[in-house]
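Me: Hi! I'm new to this one, could you walk me through it?

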Amino acid sequence: SPRHALRAGLKILRAGGTFAVAIDQYPGEMGTPCELLGKTVSTVRTAAALAMKTQPRVLGAYALMDDRGNYHVTIQDMPFPPNLPADKDAALNAIQRQHNDVLSAWIRARPEHWFGWLHRRFKDDLPY
C-alpha cells in the first residue's frame, strides 16, 4: 500500500534490492508541495525520503513510443543535491525539487508522451 511504501522500500534497499517509485503520479494528501513544470503541486515523497535515508543510486526512467508502436526506454541518473540543508523537511524538499526538475525537462522536451495528464496530476489548485 502507498502508506507503507517507505518502510517496504527501506527494507528492500537495505537488502541490496531495487525499488521503483512513480514520482509523476498524484499523491494527494500523502504528498508534499514541490514545484513541477512551474506550478507547486502535491509531490510523491517516497523516492526523496529513500534517497535521503539510504543515499542509493537513484535512476529515472521514461518511455517514448515510436511510429510503429514500440517503446524506447531511457534511463538516467537522478542527481543528488549537494549541500543539503540540516532541516529534514528542507532536505527532503531539495531532493524532490531535483527529481521534479529532471522530470519537468523530460516532459517539456516531449509532452505528447507524458501520461501524467491522464492521471490528473494538477487536479488540486494548491494554495502553496
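Reply: Happy to; we can start with confidence, then look at a helix and the core. This is a predicted model, where local features need pLDDT of at least 70, side-chain atom pairs count only at pLDDT 80 or more, and totals for chains, interfaces and linings use all residues. Residues are numbered from 1 along each chain as its sequence is written, and side-chain values use heavy atoms, with hydrogens and water left out.

Me: What is the mean pLDDT of the protein chain?
Reply: The mean is 84, and 87% of the residues reach 70 or more. pLDDT is the predictor's confidence in each residue, from 0 to 100.

Me: Which residues are buried in α1?
Reply: Ala-5, Gly-9 and Leu-10 are buried in α1. Buried means under 20% relative accessible area, exposed over 50%, and partly exposed in between (1.4 Å probe, protein chains only). Helices (H or I, at least four residues) are DSSP runs, numbered from the N terminus.

Me: Why do they line one face of the helix?
Reply: Seen down the axis of α1, the buried residues fall within an arc of 130°, so they line one face. The arc is that of the directions from the helix axis to the C-beta atoms.

Me: And what is exposed on the other side of α1?
Reply: Arg-7, Lys-11 and Arg-14 are exposed there.

Me: New topic: which residues touch the most other members of the largest nonpolar core?
Reply: Ile-23, Met-78, Leu-103 and Trp-106 do, in a core of 16 residues. Its largest share, six residues, comes from α3. A nonpolar core is a set of buried Ala, Val, Leu, Ile, Met, Phe, Trp, Tyr and Cys residues joined through side-chain atoms within 4.5 Å.

Key. Helix = DSSP H or I, 4+ residues; strand = E, 2+ residues; numbered from the N terminus.
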